[in-house]
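Hi,

Here is the structure I promised to pass on. Please have a look at it, and below you will find my notes on what turned up.

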Amino acid sequence: MSVAVGDVTEAALAMSERQRAALADALLDSLDGHIGPQANVDDAWTTEIRSRVDDIVAGRVQTLSREQVDARVAASLATRRL
């Protein structure tokens, strides 16, 4: 059975966000032999997350509150609109 990519894309875009995420995950899993094992990506992210948490706990980086981030984003957007 042959299905056009456009038809599959159209059907996929009609799905809910959760369904599209599950489909994308299944498609990426099917490519593991071609794009590299997902385990390597997962390991890299785990290492990165641990490093970032360690930096926060050790006080090497300063965190911002949501309000501070929102204010910075708003200020940045305001300067771009001028």
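Glu48 counts as partly exposed because its relative accessibility is 32%; the scale here is buried under 20% relative accessible area, exposed over 50%, and partly exposed in between (1.4 Å probe, protein chains only). Glu48 forms a salt bridge with Arg52, with 2.7 Å between the closest N and O atoms. By salt bridge I mean a side-chain nitrogen of Lys or Arg within 4 Å of a carboxyl oxygen of Asp or Glu. Both residues sit in helix α4, four residues apart, about one turn of the helix.

Before going on, a word on the source: this is a predicted model, where local features need pLDDT of at least 70, side-chain atom pairs count only at pLDDT 80 or more, and totals for chains, interfaces and linings use all residues. Residues are numbered from 1 along each chain as its sequence is written, and side-chain values use heavy atoms, with hydrogens and water left out.

The whole structure has three salt bridges. Another of them joins Asp55 to Arg60, with the closest N and O atoms 2.8 Å apart. Asp55 is partly exposed at 22% relative accessibility, while Arg60 is exposed at 55%. In helix α5, Arg66 and Asp70 are four residues apart, about one turn of the helix, and their side chains meet in a salt bridge at 3.5 Å, N to O. Arg66 is exposed, at 65%, and Asp70 partly exposed, at 41%.

Helix α4 (residues 38-57) also holds Ile49, which is partly exposed at 48% relative accessibility.

As for the chain overall, it has five helices and zero strands, taken as DSSP runs numbered from the N terminus (helices H or I, at least four residues; strands E, at least two). Buried residues make up 1% of its 82 residues. It exposes about 7400 Å², 57% of it from carbon and sulfur atoms.

The mean pLDDT (the predictor's confidence in each residue, from 0 to 100) is 88 for the chain, and 89% of the residues reach 70 or more. Where pLDDT is low, the predicted coordinates should not be read in detail.

Best wishes

Conventions: Areas by Shrake-Rupley, 256 points an atom, 1.4 Å probe, with all protein chains shown as cover.
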